[in-house]
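Dear colleague,

Here is the structure I promised to pass on to you, followed by notes on what was found in it.

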Amino acid sequence: MSQKSVCVYCGSRNGAQTSYSDAARSFGQLLAQEDWRLVYGAGDVGLMGEVARAAQSAGGDTFGVIPVHLLKREVGKTDLTRFVITETMHERKKVMIMNADAVVVLPGGPGSLDELFEALTWRQLGLHDKPILVMNVDGYWDALHDLVQQVIGQGFADTSLADFITWVDSPETAMSTLRAMLVPHKG
C-alpha cells in the first residue's frame with residue numbers, strides 16, 4: 001500500500017482560541033503516526049507552522065508548497081522533506097491538491113477559504129474526487145456550514161454540493177474518517 005498524503009489548508013495566524021493551535025499540532029502528530037505525508041503551504045507561521053512542526057517532531061514526511069512572493073511573509077519552512085517554490089498562488093494550490101489523496105481544512109482566514117472553495121469547485125466540476133474534510137474546531141466553521149446550506153437552499157448549487165464536504169470536529173475524528181475513506185477494507 002502506498003503512502004497516503006493529506007493536503008491541509010489552515011491559517012497563517014494562530015487565531016483567537018488556543019484550541020486551534022492544539023488541533024493543528026494534534027493533527028500533524030496523527031498524520032505522522034499514521035505514516036501519512038502532510039502536504040501544506042510551507043509556511044512556518046500560524047497554524048501552518050504548528051501542523052508542520054508537529055508532523056516533523058513525530059517523524060512525519062512533509063511536503064510544502066509556497067509561492068515566491070510569500071517566502072518572507074510566511075517564513076518559508078525550508079527544512080521540510082520536500083520544499084517546492086512556485087511562481088503563483090494558483091500554481092501553489094494546484095501542486096498541493098494534485099499531490100494529495102484528501103483535503104482537510106483547519107481554522108483559517110480568507111486564504112483557507114479560497115483554497116477550500118477552489119478544491120470544492122474542482123470536485124463539483126469532476127476535476128478530482130478526493131475527500132474534503134472541514135475540521136470545525138470549537139464551532140469555528142459553523143457559519144460556513146450555514147452558508148453552504150444557504151447556497152444550496154437558494155438554488156445556486158445542487159444538493160450534492162453538501163455531500164462533497166465531510167464535517168468533523170476534532171483531529172481524531174478527522175483521522176478515523178480519513179482512514180475509512182482512504183484505506184481499502186480487507187475482506
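Cys-10 is buried, with a relative accessible area of 7%, and Cys-7 is likewise buried, at 0%, where buried means under 20% relative accessible area, exposed over 50% and partly exposed in between (1.4 Å probe, protein chains only). Please keep in mind that this is a predicted model, in which local features need pLDDT of at least 70, side-chain atom pairs count only at pLDDT 80 or more, and totals for chains, interfaces and linings use all residues. Residues are numbered from 1 along each chain as its sequence is written, and side-chain values use heavy atoms, with hydrogens and water left out.

The count of disulfides, taken as pairs of cysteine sulfur atoms within 2.5 Å, comes to zero. The sulfur of Cys-7 has its closest cysteine sulfur in Cys-10, but the 9.4 Å to it is too far for a bond.

Helices (H or I, at least four residues) and strands (E, at least two) are DSSP runs, numbered from the N terminus.

Lastly, Ala-23, Ser-26, Phe-27, Leu-30 and Leu-31 in H1 meet Pro-171, Glu-172, Ala-174, Met-175 and Leu-178 in H7, contact meaning heavy atoms within 4.5 Å.
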